[in-house]
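Have the sequence and the 3D view open as you read.

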Amino acid sequence: MKVRFGYVANATLLWDASPAKSLTFKRFSELGKDERINKLHEVTLQNIENTRRILLYNAAHQIEVYRLSSSIVPLATHPEVQWDFVAPFKKEWEELGSLIKQYGMRVSFHPNQFTLFTSSNPVITANAVKDMVFHYEMLSAMGVEKESVINIHVGGAYGDKAKATARFYEHITALPLHVKQQMTLENDDKTYTADETLKVCQNENIPMVFDYHHYMANQGEKPFEHLLPDIFATWEHTGLIPKIHVSSPKNEKEFRSHSDFVDLEFLMPLIKALRTLNQDVDFMIEAKKKDQAMLKLVEDISKIRGVKRISGGSAEWK
């Protein structure tokens, strides 16, 4: 069994390398016409450059799994802005894609919690479609859209989960098929359990990302050990390795909040279940310390008897 480890967006050990430097609509509105586009270009170029630095950092550490920031392009989907963020940076986007391919990295996006398809408000659905297409266009600009995924949650229950789920099935038809083919769904920590998310994934032929911490905070009817084989089966048509989100609670009182690092003891039941299944997986570390937490977890797991660290960002069970 082989596990590759990745992290989210920011490489904290790099100086001033945020790929999510922002430009608010208020600030944008205060600028003159020419200044507006210049500022959009300036911030986007800085975020792309910092993403390039992070990809090189990942390559140096042999980290093959990485979640790109959803905030590389400021105001990309704002109804009063909506600008061409691809053509002016064609060369830069392609350079990111070349690095991803050269070093065999698996990249993904995770739009925010407002990107959902269960609302009765048609504006929210329209915005969700727009946001998913935006993320796909970034992947396409890099030339990695067929190997990458865009992960979201099923959505809210709005007091009636059955009706909300029915709306998901109805509203997801508005999503262009080529975008839907690159999406995944993840169980959340309050509403849709792993059982319920799996059913939606099976019905829509969508791969499921299992979030272990969310499962522990919002357990369904079945033990996760019984769900894992069916969850992994949702990935079979993609040719991609199943992905699992990994984090641990900040404390008992703030159980849903992520801690700075990942507690190996908290993770051990999952590792034992994966070992029993002898299933290769990719771990996406969602701890606050990001790359630091990821590197520490690889080191901690490598100390387990029978585990061999085979690269900077992966380990193998004998």
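R67, S108, F109, H110, V149, N151, K243, H245 and M284 line the largest cavity. Sorted by class, the lining of the largest cavity holds 3 nonpolar, 4 polar and 2 charged residues. Here Ala, Val, Leu, Ile, Met, Phe, Trp, Tyr, Cys and Pro count as nonpolar, Asp, Glu, Lys and Arg as charged, and the others, Gly among them, as polar. This is a predicted model, in which local features need pLDDT of at least 70 and side-chain atom pairs count only at pLDDT 80 or more, while totals for chains, interfaces and linings use all residues. Residues are numbered from 1 along each chain as its sequence is written, and side-chain values use heavy atoms, with hydrogens and water left out.

How much space lies in the largest cavity? About 40 Å³, and the count comes to 1 cavity of 30 Å³ or more. On a 1 Å grid over the protein atoms alone, a cavity is a set of points where a 1.4 Å probe fits but cannot get out, a pocket is an open set with protein on both sides within 12 Å along at least five of seven lines, and lining residues have an atom within 4 Å of a point. Grid points are joined across faces, edges and corners, and a volume is the space filled by probe spheres set on the points.

## The open space

Now for the largest pocket, with about 1,300 Å³ of space. Its lining takes in 47 residues, and H110, P111, N112, Q113 and F114 lie nearest the centre. H110 is also one of the residues that line the largest cavity.

Which helix gives the most to the lining of the largest pocket? That's α4 (residues 122-142), with 7 residues. Helices are DSSP runs (H or I, at least four residues), as are strands (E, at least two), and they're numbered from the N terminus. Overall, the pocket lining splits into 17 nonpolar, 19 polar and 11 charged residues.

## Helices side by side

Start with α2 (residues 33-60) and α3 (residues 90-102): their axes come within 10 Å and cross at roughly 15°. So α2 is roughly parallel to α3, a label for angles under 35 degrees. Axes are lines fitted to C-alpha atoms, for helices over the stretch in contact, and angles run from 0 to 180 degrees between N-to-C directions. L45, I48, T51, R52, L55 and L56 of α2 meet E92, W93, E95, L96, L99 and I100 of α3, where contact means heavy atoms within 4.5 Å. This contact has 8 nonpolar, 1 polar and 3 charged residues.

The axes of α7 (residues 194-204) and α9 (residues 224-233) also come within 10 Å, crossing at roughly 20°. These two are therefore roughly parallel to each other. From α7, A194, D195, L198 and Q202 meet L227, D230 and I231 of α9.

## Helices crossing

What angle do α3 and α4 pack at? About 75°, with their axes 7 Å apart. That makes α3 roughly perpendicular to α4, the label for 65 to 115 degrees. W93, E94, L96, G97, I100 and K101 in α3 meet M138, A141 and M142 in α4, and this contact has 6 nonpolar, 1 polar and 2 charged residues.

Conventions
Parallel < 35°, antiparallel > 145°, perpendicular 65-115°, else oblique.
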